[in-house]
Amino acid sequence: MKIETNFSCDIFCTVVDNFGDIGVSWRLAKQLAHEHGLAVRLWVDDLSSFKKLCAEINVELASQHLQGVEVRHWLHTADAFDHIQPAQIVIETFACHLPEKYITVMAAMSPAPIGINLVWVNLEHLSAEHWVADYHGLPSPHPTLPLVKYFFFPGFTAATGGLLLEKNLLARRDAFKTSPLAQAAMWQALGVPPASPSEMRVSLFCYENAALPTLFSGWVTGAQPIFCVIPEGRILPQVAAIFKRDAVKVGDIFQQGNLRVQILPFIAQNRYDELLWACDVNFVRGEDSFVRALWAGKPCVWHIYPQHDQVHLQKLNAFLELYCATLPAEVAATLRTLWDAWNQEKSGAVAWNNYWAHHLLLQQHAHAWSANLAGNSLAVNLLNFIQKTARMRAS
C-alpha cells in the first residue's frame, strides 16, 4: 500500500534502553518514508545513542535529514514546540508521552487538506500474550481535549499489528546466505576470519546475565568448536571477569578449550542483520534485535527485557507457546529449558547441549517461522489502520 507523498508523520521516541526504542523507531521511520512515501519527522531525545545505530547522525544539530527522514532533537523544554505544526499521523512509541504544547496544538488542528483528520497512535511494546489481540486498535479518548489516541500492538498473529519487515529484507537475506563472497566480505569488514566448516558461529548480544560464565564453561569443554562474536555492549565487564582481565575492548580475542571469543564494535543496523544471517545461532535481547533474529531464520535465544515483578517471564512463556506449538514435544522441551535457564540466570551448559543436539530441526523450524510471519507487516497494517480510522472519523 502507498499513500500520498504529502502525507506527513511525526514519530516520537524517548530512548530508555539505549538502542531498543530508537532501533524500532528508526526502522519504522525509514520504512514509512522509503516504501510508503510519507514525509516523516522523527523526534529523538538522545542523539548520542542514536548515533550508535546511524553513524551519520550529528549530535550537535537540532534538525537534520538522513536517509529520507527528518531527524529532530526532542528537547524537553517549555518552548521547544512553540512553532511546531503537528503532522497528520502522530506516533508515540512505547507510551513516551507527547509534549503538552504539541497535544494542545493537535486538538486545535482542522482536518487535513486531503480530508483526513489527524490520527494519533501509541505504538506499544511487542508481546505474544493473549490479551494483546483484544486491546489492539482500541481508542483512548483524551480526558479533557477532543482527541483520541489509538493503541497499536505489534505481534505474531493476524489479530495484532504484525512485525516490522522491509519489503526486500527476506530476499536480501536469502541472497546473502547463498553468497560466500558476501559473507566473507562481511566478516572481513568486522575483522573476523572466515568461518571454518568445523566450527559453530554464535552471536551474543544480551543484558548482564549470571548464567554467562557457566554457558562459556560448557562451550570451553564441549565437543563442538564455537566461535562467539560479541558486539560491544553491556556484558563486556562480565566477559573481562570470565577471562580474568581488568577490561576488554573491541578487537580482543580470547581462546579457551573449544571456545574462541572475539569482541566486535557496535554494529549498525544493516550490518547487524548480516551478522545474524551469517551465524548458526543468535543470542539476542530486548525487542528490536529479537525481531531481526526471527527474520534471520536461524535458531535464536531471546533474553527478554527483565522486569522486577517477573512479568517478562509471562511474556516469554506466551511467545514460547506460539513458537513451540508445531515442534515435537522433546525438541520444544529442550528449547524451553534453555530459554528459561538463560532468562532466569541459571546454569545453561547442559540445557545448551540438549538444545543444540536438535540443531537441524531447529534450523528448519526457524526458517519456516520467518516465512509464516512475513505476510503480517507492521508498517502496512499501521497505514491500513490509520486510513480506516480516518475514514470513520471523517464520515
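**Surface, salt bridges and cores**

Mentor: W131, Y135 and L138 make a nonpolar surface patch of about 300 Å². Patches are made of residues with over 30% relative accessible area and no salt bridge, like charges being joined within 9 Å and nonpolar side chains (Val, Leu, Ile, Met, Phe, Trp, Tyr) within 5 Å. Accessible areas come from the Shrake-Rupley method with a 1.4 Å probe, and for residues only the protein chains shown count as cover.

Trainee: What kind of model is it?

Mentor: This is a predicted model, in which local features need pLDDT of at least 70 and side-chain atom pairs count only at pLDDT 80 or more, while totals for chains, interfaces and linings use all residues. Residues are numbered from 1 along each chain as its sequence is written, and side-chain values use heavy atoms, with hydrogens and water left out.

Trainee: New topic. How many salt bridges does the structure hold?

Mentor: There are 13 salt bridges in the structure. The term stands for a side-chain nitrogen of Lys or Arg within 4 Å of a carboxyl oxygen of Asp or Glu. One of them joins the side chains of D288 and R27, at 2.7 Å from N to O. This pair links distant parts of the chain, with D288 in helix α10 and R27 in helix α1 (residues 20-36), 261 residues apart.

Trainee: Are those two buried or exposed?

Mentor: Both D288 and R27 are buried. For D288, the relative accessible area is 13%.

Trainee: What else does D288 touch?

Mentor: Not counting residues up to four places away in sequence, D288 touches G20, G23, V24, R27 and Q269, where contact means heavy atoms within 4.5 Å.

Trainee: And the helix, how many residues of α10 are buried?

Mentor: α10 is largely enclosed by the rest of the structure, because 9 of its 9 residues are buried. Among them are F290, R292 and W295. The helix spans residues 288-296 and is followed by G297, whose phi is positive, near 70 degrees.

Trainee: Which residues are linked with R292 by salt bridges?

Mentor: E166, D273 and R292 form a network of salt bridges.

Trainee: Which residue does D252 pair with?

Mentor: D252 forms a salt bridge with K249, with the closest N and O atoms 3.1 Å apart. D252 counts as buried at 13% relative accessibility, whereas K249 counts as exposed at 54%.

Trainee: What about R271 and E274?

Mentor: Their side chains meet in a salt bridge of 2.8 Å, N to O. R271 and E274 both lie in helix α9 (residues 269-278), 3 residues apart, about one turn of the helix. R271 is partly exposed, at 28% relative accessibility.

Trainee: Now the inside. Which residues touch the most other members of the largest nonpolar core?

Mentor: F216 and W352 do, in a core of 81 residues. A nonpolar core is a set of buried Ala, Val, Leu, Ile, Met, Phe, Trp, Tyr and Cys residues joined through side-chain atoms within 4.5 Å. A second, separate core of 42 residues includes F7, V71, I91 and L383.

Trainee: What is F216 in contact with?

Mentor: Leaving aside neighbours within four places in sequence, F216 contacts L204, C228, I230, I242, F243, L259 and V261.

Definitions and conventions: Helix = DSSP H or I, 4+ residues; strand = E, 2+ residues; numbered from the N terminus. Buried < 20%, exposed > 50% of the residue type's maximum accessible area, 1.4 Å probe, protein only.
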